[in-house]
Amino acid sequence: MLNEDKIKLMTNVSMFEKHEEKYISLATRFFRSDYISRNLLRAFLGYTLCWVLGFLLVILYRAEEILSTMDFTVLQAQAKDYVSSYVIGLLCYMVIAFVVSLIRYNHGVQSHKAYIGKLRRLEKRYEFQSRTKELGREVKKHDRSFGV
């Protein structure tokens, strides 16, 4: 016989797992420092690649201007400006990536705790039902032994 409470609990657990699987799996696979450092490394590589591509586009766009001046002091000053813009942008991006990674990790940990709680509640429901069946069997055996 189907038990509607168990079906509702199982469906609830399944839907929760489906929606939160991405966050739960990442949060449970890594320690917090490993998860954050992994995301910071990815952010660093992504930002650096994008900045280099943007820098190359600027250089190609201004190629005629750069080749016509060819003054070393001007090129040196522009290089300092580009490097400082890279460093400032990288620091801002890394701070944002750190905050986002920390929030995602904490969300994953909280989701994992909620998921474990739902599984425990479902397990208790199964234990309650199995105990009820066992008690019912014992009562029937007891009644048979007294001839009731």
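Here is a short chat about the fold, the core and a couple of residues.

Q: What are we looking at, helices or strands?
A: This is a predicted model, and its chain has four helices and zero strands. Along the sequence the pattern reads α-α-α-α.

Q: And how much of the chain is buried?
A: Of the 148 residues, 18% count as buried. The chain exposes about 11800 Å², with carbon and sulfur atoms supplying 64% of that.

Q: OK, what about contacts, how many join residues at least 24 apart?
A: Taking contacts between residues at least 6 apart in sequence, 89% join residues at least 24 apart.

Q: Which residues make up the largest nonpolar core?
A: Eight of them: L26, A27, Y35, I36, L40, A43, A97 and Y105. Helices α1 (4-29), α2 (32-61) and α4 each give two or more residues to this core.

Q: Which helix gives the most to this core?
A: That's α2, with four residues.

Q: Switching topic: where does S101 lie?
A: S101 lies in helix α4, which covers residues 72-146.

Q: Is S101 buried or exposed?
A: Buried, because its relative accessible area is 4%, and buried means under 20%.

Q: And which residues does S101 touch?
A: Y35, I36 and N39, again not counting residues up to four places away in sequence. Y35 and I36 are both in the largest nonpolar core.

Definitions and conventions:
Residues are numbered from 1 along each chain as its sequence is written. This is a predicted model: local features need pLDDT of at least 70, side-chain atom pairs count only at pLDDT 80 or more; totals for chains, interfaces and linings use all residues. Side-chain values use heavy atoms; hydrogens and water are left out. Buried means under 20% relative accessible area, exposed over 50%, partly exposed in between (1.4 Å probe, protein chains only). Contact means heavy atoms within 4.5 Å. Accessible areas come from the Shrake-Rupley method with a 1.4 Å probe; for residues, only the protein chains shown count as cover. A nonpolar core is a set of buried Ala, Val, Leu, Ile, Met, Phe, Trp, Tyr and Cys residues joined through side-chain atoms within 4.5 Å.
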